Amino acid sequence: MLCERKPYESPEMLGALGDAVRPGGLDLTRRALEHCAFTAGQRVLDIGCGSGATVGLMMHKYDLDASGIDLSETAIASGLRRSPGLPLQVADGRNLPFGDGDMDGVIMECTLTATGDTDSTLSEAFRVLKRGGRLAVSDMYLRATTEKPPSSVLLPCLEGAVDREKTVRDLEHAGFRLRLWEDQSDLLKELATRIIMKYGSLSAFWSKACGDSECRDTPSLNGAYRNYGYYLAIAQRL
Amino acid sequence: MGELTCVKCKVALVETKTELRYLGRSMEGKALRCPKCGQVCFSEELVKGTIHEVEMTLEDK
C-alpha cells in the first residue's frame, strides 16, 4: 500500500503542489465542500489528509467539526508542527478510529486509488457516515478509450485508477448513490504545465521526486495525463 | 551565454519572473527581460525544451 519512496513527502512534490498535494489544490476542495453543502458544526473526516490543509480549511472557513487521518507519520507530524492542535492522527483508511455513524461527511482527495483497497476504504467510509451523509471523492480515473498504461511505484494512485463506470459501480456496491460526477481532467494538464515551468521538464521533476536521475518510471509518468482523467464525485450514503 | 543587451535600449537584460499565456492558460517562468522597455528574450534552450514540452502537453500531443 505504501510507496517505499513516499513521493508525497518529497520536497519536489510539495514544492510543485504546495500543502494540498493533488491536482486542483484547495480550489477543488472548496468546490467539493460547496456541492456537499455542509452546515456549520457538522462532523467531516478527511481520509488521506496529508499535513491537514483541507482539515484547516474546513475548520476555519466552513466552521465544520473537521478531523483528518493519514498513513504518513511524516505528513501528520509536519501538519502538527505548523498547526499544533489540528485534529490529525495517523490511521489507516481501511480501519478508521471512529464509531458507526459518527460523521456527517467524508472527503477523500486523491486518496481512494492510492489505498490499494477501494472496497475496504469505501466500506469504512460507509460505516462511519450517518445515513444520508455525503462522501466527496476527487481522484484519477482511467480513460475508457485507453489501455491501462504501465503503473509506477512513484504514484500509487495510478495503480488503483479504474474507469468511470467501475468507479461508480464501486461506490454503489459500497452503499452510496452518486449525486454528482464532474470531469476535472484539465487540472492534470494544469498541474503538468506548472511542473514543467518550475522544473524545466516532467522528466527532471520525476527524477528529483524519485531521487534517481535514471528513474525508470519517468516515461510512464510523463504520459500519465494523456491516459488518465481526474474527477470530482459527490455521493450520498443510503 | 554572455550578457545579452537590449538592441533598442542598450541595457543588459535581467532574469525576471514572466507570465506566459497559451491556449487560455497562464503560467509563470523565468525569462530575460529588458528593465527599460520590457522586451522579453527567450533562449533557444527554453523554447526548444520547456516551452515545447508545455505546448505538447496543452495540445495533447
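**Where chain A meets chain B**

Across the interface of chain A and chain B, 4 residue pairs are in polar contact, both partners at pLDDT 80 or more. Keep in mind that this is a predicted model.

Which elements of chain A give two or more residues to the side that touches chain B? They are α8 (186-199) and α11 (224-227). The largest share, 7 residues, comes from α8(A). By type, that side of chain A has 5 nonpolar, 3 polar and 4 charged residues.

Now the whole contact. Chain A puts in 12 residues, and chain B puts in 13. Together the two chains bury about 1,100 Å², with 58% of it on carbon and sulfur atoms. On the chain A side, A:Lys189, A:Thr193 and A:Met197 lose the most area to chain B. Those three make up 51% of what that side buries.

Next, charges. Side chains of opposite charge can pair when their charged atoms come close. How many salt bridges cross this interface? The rule finds 1. A:Asp186 pairs with B:Arg25, with the closest N and O atoms 3.2 Å apart. The pair runs from helix α8 of chain A to strand β2 (residues 25-33) of chain B. A:Asp186 is partly exposed, at 48% relative accessibility.

Over all chains, the structure holds 13 salt bridges. Take one inside chain A. A:Arg127 and A:Glu124 meet at 2.7 Å, N to O. They sit 3 residues apart in helix α5 (residues 118-128), so about one helical turn separates them. Is A:Glu124 buried or exposed? Buried, at 10% relative accessibility. A:Arg127 is partly exposed, at 24%.

Notes. Residues are numbered from 1 along each chain as its sequence is written. Chains are lettered from A and ligands numbered from 1 in the order in which they are written. This is a predicted model: local features need pLDDT of at least 70, side-chain atom pairs count only at pLDDT 80 or more; totals for chains, interfaces and linings use all residues. Side-chain values use heavy atoms; hydrogens and water are left out. Contact means heavy atoms within 4.5 Å. Buried area is the accessible area (1.4 Å probe) that two parts lose on being put together, summed over both. A salt bridge is a side-chain nitrogen of Lys or Arg within 4 Å of a carboxyl oxygen of Asp or Glu. A polar contact is a pair of N or O atoms within 3.5 Å; within protein, one must be able to donate a hydrogen and the other to accept it, and residues adjacent in sequence count only if both atoms are side-chain atoms. Helices (H or I, at least four residues) and strands (E, at least two) are DSSP runs, numbered from the N terminus. Ala, Val, Leu, Ile, Met, Phe, Trp, Tyr, Cys and Pro count as nonpolar, Asp, Glu, Lys and Arg as charged, and the others, Gly among them, as polar. Buried means under 20% relative accessible area, exposed over 50%, partly exposed in between (1.4 Å probe, protein chains only).
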